[in-house]
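Have a look at it first.

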Amino acid sequence: MTEGARTVEVERKYDVDAGTPLPDWTGITGVDAVSPGELRELDARYFDTEDAVLARAGIAVRRRTGGPDAGWHIKGPREGDGRLEIVWPLSDDDTIPDAVADTLARWTTAPLTPLARIENSRTAYLLTGPEGVIAEFVDDRVRATDLRQNVQREWREWEVELGPAAPADDAGRDAFFAAVEAVVFAAGARAAASDSKLARALGH
């Protein structure tokens with residue numbers, strides 16, 4: 001079995017209105033530069049069993065095109081402050097690759113069929129300090145389709161994900177995210193109503 005690339009995402013999500021202005025990051029300790037925004041057009045198709053075994057277990061499986069991490073992704077349930085993500089290269093079509101199916105076998109070996117499509121116009125910004133990238137901030141304008149119910153939803157959200165130069169200790173991370181929340185709430189953001197785009201696409 002081909003091993004996928006594994007990372008642990010540590011991020012926070014926020015809901016914002018369509019016209020909410022971008023945050024001002026200049027007041028966050030350690031952040032001395034913000035990169036110009038990079039537009040990424042992302043298109044992801046999510047899969048699950050007919051009775052949604054994976055969704056109930058907190059697992060998301062998707063094939064995503066666009067952006068620097070295009071490929072097949074398995075996102076695991078949240079563990080502590082992070083969430084494991086495993087990524088394999090893109091295949092030619094929506095057929096589930098053997099390596100992905102083998103990894104999913106601990107949860108299910110049932111056939112997977114399309115569950116949702118999420119298209120996302122993402123603008124990404126890097127928040128950097130003396131040691132490198134502290135976090136990536138993304139401004140997402142999302143168009144989602146629940147393929148089984150034929151329901152479409154649109155919303156805007158922000159995500160802040162820790163980078164390689166982020167604080168490594170819990171206290172440092174907590175202090176950084178507290179500073180982030182002060183900035184994003186001042187701009188008009190709210191705590192996210194849903195833990196994931198897939199859950200929101202499905203009306204959860």
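The second largest pocket holds about 190 Å³ of space. A pocket here is an open set of points on a 1 Å grid over the protein atoms alone, where a 1.4 Å probe fits, with protein on both sides within 12 Å along at least five of seven lines, and lining residues have an atom within 4 Å of a point. The volume is the space filled by probe spheres set on those points, which are joined across faces, edges and corners. Among the residues lining this pocket are Arg 6, Ile 74, Leu 84 and Trp 107. Strands S6 (71-79) and S7 (82-88) each give two or more residues to the lining, and S6 has the largest share, with 4 residues. Strands are DSSP runs of E, at least two residues long, numbered from the N terminus.

Keep in mind that this is a predicted model: local features need pLDDT of at least 70, side-chain atom pairs count only at pLDDT 80 or more, and totals for chains, interfaces and linings use all residues. Residues are numbered from 1 along each chain as its sequence is written, and side-chain values use heavy atoms, leaving out hydrogens and water.

Now for the largest pocket, at about 760 Å³. Of its 39 lining residues, the closest to its centre are Glu 9, Tyr 46, Arg 62, Lys 75 and Arg 83.

Next, find strand S2 (residues 11-16), where 5 of 6 residues are buried (under 20% relative accessible area, 1.4 Å probe, protein chains only). S2 runs antiparallel to S10 (residues 151-162) over 6 bridges, pairing being at least two bridges found by DSSP. In that pair, Lys 13 sits opposite Glu 159.

Notes:
Buried means under 20% relative accessible area, exposed over 50%, partly exposed in between (1.4 Å probe, protein chains only).
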